[in-house]
Amino acid sequence: MDDIEGTTDDLVAEIATVANAVLSGGTLEETLHQVVSTAVSTMDGCDAAGVFVVDGHEVRTVAHTGEAVIGLDRLQDELAEGPCLDAAASAAVVYIGDLLEDTRYPRFAPEAAASGIRTVLGCPLSSDGLRGALNLYARLPHAFGTTDRAKGTILAALAGAAIAAASQREEVQTQNTNLRNALVSRELIGQAQGILMERERVSADQAFDILRRASQHLNEKLRDVAQNLVDTGESPDTGDQSPSA
């Protein structure tokens, strides 16, 4: 009983470490590396682990514990078949107890077995709009029991949460960057309008129209036309010299 409790405590500690990494805002690479490392360290039969995502028609390995994982992911991608691809596509756990006995993947199974892998566990990433899987490989057949498969599912959920959190952070950063750029552009255009209003004795709307016509004539962004005016003081070329009505 003490051994079981000790093992459970160790697993809880490992899972908590991964969960903290997900919530800490660390880099996605660091978090996913923690996920695959935890899989290998807490699952006795697991010899290699990786995370891949399906981007369009391309499989990208985004974390792994060794080059063999990349090879197995690439093999499934090239053959368009494999337990991990099915896990990502169906959002269901796919377990192959022995590649030499299972008949579901007639092309992938013999090649993977020839590379020394007999057991494969594909756990889909739990993240909206994301197709991917946490993939666990073992040299021995029937390496993953019920408890190991439960561990894999938990770790896959954490990996999916990490990717979703990273996507949200990236989206927020993009929005902030766009907002800053918009504010800078507005300020520049306002400065350029002020210069034209003073120089040409025109209204704010007429000054803006001059900038707009120059933008169209020069095939440049309005912001760039305004920037050049502010920097150089040169009036923008509108293609004609008639003042805006």
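In the predicted model, strand 1, spanning residues 48-55, is mostly covered, with 7 of its 8 residues buried. Strand 1 is joined to strand 5 (residues 132-138) by 6 bridges, and the two run antiparallel. Within this pairing, Ala48 has Tyr137 of strand 5 as its bridge partner.

Strand 1 also pairs with strand 2 (residues 58-64), again through 6 bridges and in antiparallel orientation.

An open sheet is formed by 5 strands in the order 2-1-5-4-3, with antiparallel pairing. Strand 2 and strand 3 (94-96) stand at the edges of the sheet; because each has a single partner strand, one side of each is left without a neighbour in the sheet. From one strand to the next, the twist averages 20 degrees. In the strand order, strand 1 lies between strand 2 and strand 5, and strand 1 is bridged to strand 5 as well as to strand 2.

How values were computed:
Residues are numbered from 1 along each chain as its sequence is written. This is a predicted model: local features need pLDDT of at least 70, side-chain atom pairs count only at pLDDT 80 or more; totals for chains, interfaces and linings use all residues. Side-chain values use heavy atoms; hydrogens and water are left out. Buried means under 20% relative accessible area, exposed over 50%, partly exposed in between (1.4 Å probe, protein chains only). Helices (H or I, at least four residues) and strands (E, at least two) are DSSP runs, numbered from the N terminus. Two strands pair if DSSP finds at least two bridges between them. Axes are lines fitted to C-alpha atoms, for helices over the stretch in contact, and angles run from 0 to 180 degrees between N-to-C directions.
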